[in-house]
Amino acid sequence: MRILILGSGAREHAIAWKLSKEIGNENVFIAPGNGGTHACGTNVDFTFKDREALKAFCVAEKIDTVIPGSEEAIDAGIRNFIEEDSALTDVLVVSPDQHAGQLESSKAFAKEFMAKEHIPTAAYQSFTKDTLDEAYAFLDTLKAPYVLKADGLAAGKGVLILEDLQEAKDELKHMMVDQKFGAASSTVVIEEFLDGIEFSVFAVTDGTNYVILPEAKDYKRIGEGDTGLNTGGMGAISPVPFFTDEVKKKTIEQIVEPTIRGLSNQNLNYQGFVFFGLILVNGDPKVIEYNVRMGDPETEVVIPRLDESLSDMFADIRNKTLKTRIAKAKSGFATTVFAVSGGYPLAYDKGIAISVDQPSETLFHAGTKLVDSQLQTSGGRVIAATCFGDSMPDALAKSYDTINAVHFDKKYYRTDIGKDLEQYI
Ligand code: AMP
Ligand code: GLY
């Protein structure tokens, strides 16, 4: 197997790390990769946007499997492009096509999908600027807080949760009429607010059968106690202590099974990862969103805990031999803590020298690059320290030791990852 991973984050690093153990570094390529991924394979200098480079590389290097890391690559139609090119017909793309990718790239599409399959999710209606008055009237029927979601991809920023009705109406107009989130908010989904605790479940599917991967919980906000601005993720924990056998059973029966059945029912061309963003409301799981790729930073704990071959799952997708099951997972906990650049998610400096006193295979890089063999920051989320332990506190203590041994000017990290879960362990 010769695998090309598209992306440059810690998610792609974690996937490359796992695959390199299974099929060897010489068979793993990351485009463009980062300052850490070359430890697991070869970085190649193009992005998914450069289709000619992608095609030429796949042909020259006899790539047989492509994994788009991000929703942007999937929404750009990478699978369609590869499958439609006669030089690339033997390449398996581990992702849905562009149409099925709307499960993530269009909230209205995902909501309609769930309604047809009777999958538990928040009540909703979707509106455009032509139906602004109906949207106001719908808001009048709801209780605060009001949840407004830009229909399209908005890099995790397109959801507003507002306490005040007038503010909700003003923001709604701002989204649809003034295009606050660009074309992504021409259509807005207004949802019932769900009060509960969030977690994420992952699966690999061939469109009919599926393998459930370890679950995880991520920490999205920049500040302690999950306050402040949203980020790409500040840490993650797996397993999730409140994901009991009973919750797992409900999740599989009420959400995972009907979702996978729905892919065939609705003729969606889907293979690859499914990320179920869930919320537990009074003991019942409901879908907040689907993502059509792995999560970041969840991948940095889910993949290290996976005690099965990921490359075999891809081979099973290709051969249509995937067996529905729950994947074996390593016992104990995996935790990851992200070090970010001071100022992130607002303005921050780049090009700051990084030193690492305690190198670790599972120190997953994101915004790093090597410049003349010096590691430097190149993004807001810089590096994630994943560690294992028999207990969550044990794993976390190691993640914090590891992140403390990474040095760069204005480093920041949250010190409370996992704190909210202590009550469940
Ligand atoms: P989404 O992009 O749909 O995942 O939404 C981003 C975040 O907004 C979620 O992770 C939740 O924290 C929150 N959120 C979204 N929808 C709801 C809802 N219906 N009720 C409560 N919180 C929500
Ligand atoms: N951690 C959430 C995401 O990857 O979108």
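User: Which polar side-chain atom lies 2.8 Å from a nitrogen atom of ligand 2?

Analyst: In this predicted model, the atom belongs to the side chain of Glu298. A polar contact is a pair of N or O atoms within 3.5 Å; within protein, one must be able to donate a hydrogen and the other to accept it, and residues adjacent in sequence count only if both atoms are side-chain atoms. At 2.8 Å, the pair formed by Glu298 and ligand 2 therefore qualifies.

User: What other polar contacts does ligand 2 have, with Arg293 and with Asp296?

Analyst: An N or O atom in the side chain of Arg293 is 2.8 Å from an oxygen atom of the ligand. A polar backbone atom of Asp296 is 2.9 Å from a nitrogen atom of ligand 2. The residues around ligand 2 (a heavy atom within 4 Å) include Asp218, Phe275 and Asn291.

User: Why are helix 7 and helix 8 called roughly antiparallel?

Analyst: Helix 7 (residues 132-141) and helix 8 (residues 165-176) pack at about 150°, their axes 10 Å apart. Axes are lines fitted to C-alpha atoms, for helices over the stretch in contact, and angles run from 0 to 180 degrees between N-to-C directions. Angles under 35 degrees count as roughly parallel, over 145 as roughly antiparallel, 65 to 115 as roughly perpendicular and the rest as oblique. The pair is therefore roughly antiparallel.

User: Which residues of helix 7 meet helix 8?

Analyst: Leu132, Ala135, Tyr136, Leu139 and Asp140 do so, and their partners in helix 8 include Leu165 and Met176; contact means heavy atoms within 4.5 Å.

User: Why is helix 1 described as roughly perpendicular to helix 11?

Analyst: The axes of helix 1 (residues 10-23) and helix 11 (residues 310-319) come within 8 Å and cross at roughly 85°. That angle makes the two helices roughly perpendicular. Helix 1 contributes Ile15, Lys18, Leu19, Glu22 and Ile23 to the contact, and helix 11 contributes Leu310, Ser311 and Phe314.

User: What are the conventions for numbering and for confidence?

Analyst: Residues are numbered from 1 along each chain as its sequence is written, while chains are lettered from A and ligands numbered from 1 in the order in which they are written. Local features need pLDDT of at least 70, side-chain atom pairs count only at pLDDT 80 or more, and totals for chains, interfaces and linings use all residues, with side-chain values using heavy atoms and leaving out hydrogens and water.

Definitions and conventions
Helices (H or I, at least four residues) and strands (E, at least two) are DSSP runs, numbered from the N terminus.
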